[in-house]
Amino acid sequence: MSQLDSRLALCASFVREGKRLADIGTDHAYLPVWLCRAGVTPCAVAADINPDPLRRGTETVANAGLSDRIETRLSDGLKNISSEEAEDIVIAGMGGELIARILDECPYSRDKSKRFILQPMTKSEVLIRALDDNGFSILRQDCCVAADKCYTVLNVAYTGETTKHDALYPYLGELRPKENAAHLRFVEGHISRLQKQAKGDARFAALAEELKKRCE
Ligand SMILES: C[S@@+](CC[C@H](N)C(=O)[O-])C[C@H]1O[C@@H](n2cnc3c(N)ncnc32)[C@H](O)[C@@H]1O
């Protein structure tokens, strides 16, 4: 693993230099190994809830000769990771609902100095709605295409901001579909899912139409 795929590379691009990293749901631990090798990250906890993926991660770390800088650990979300161990926290490759639950259960997620790099595989709108409802702001958001699938990555911090966004915000976040082809492709995915849902509920048809207008 000398290169990350574009999905993990986009996650990596949001990690701040010199910050202690926690990678939640690390599986193969490619991301923390790459960031330590690149000199971005001084040390990391690579955590997973399941022993088998964690074993894979431990092997990758050992093969890279980084066992002194990356600790692998069993943890449900951030439950076994202290605030001192994690300044930048990556939660990638899980559903949006699960990512929202992990954030909700983290006692230090409202520490304004923390950065969360979130990459939902599904239901990004559920995640963004939960962030918006709970005072988290999207500092940056981007999209990429890997193996012909389009993904979004969010860089998030607690700001306590309570300004309410409109009904389209969970689908658009900070994306600019008029200016960026990957952003457009990601939002078009939402439009086609909403159009399918619209067969049972006219409110989804209206949302899809509004979203289309924001792309034109
Ligand atoms: C599809 S893999 C993603 C691996 C890597 N983060 C990536 O994006 O390529 C999802 C991983 O999350 C782990 N996972 C699921 N729920 C979790 C939880 N509550 N806490 C920590 N890890 C979890 C799974 O065991 C699995 O290894």
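## Buried area between the domains

Buried area is the accessible area, taken with a 1.4 Å probe, that two parts lose on being put together, summed over both. For domain 1 and domain 2 of this predicted model, that area is about 740 Å², with carbon and sulfur atoms giving 60%. On the side of domain 1, Q141, C143 and C150 lose the most area to domain 2, together 52% of what that side buries.

## The two domains

Domain 1 covers 6–163 and domain 2 covers 175–216, with bounds that come from an automatic or database domain assignment. Their centres, taken over C-alpha atoms, lie 27 Å apart. Eleven residues of domain 1 are in contact (heavy atoms within 4.5 Å) with seven residues of domain 2.

## Polar and charged links

One salt bridge is counted between the domains, the term meaning a side-chain nitrogen of Lys or Arg within 4 Å of a carboxyl oxygen of Asp or Glu. The side chains of D148 and R185 meet in a salt bridge, at 3.4 Å from N to O.

## The domain 1 side

The residues on the side of domain 1 that touches domain 2 divide into four nonpolar, three polar and four charged. In this grouping, Ala, Val, Leu, Ile, Met, Phe, Trp, Tyr, Cys and Pro count as nonpolar, Asp, Glu, Lys and Arg as charged, and the others, Gly among them, as polar.

## Notes on the model

Residues are numbered from 1 along each chain as its sequence is written, and side-chain values use heavy atoms, leaving out hydrogens and water. Local features need pLDDT of at least 70 and side-chain atom pairs count only at pLDDT 80 or more, while totals for chains, interfaces and linings use all residues.
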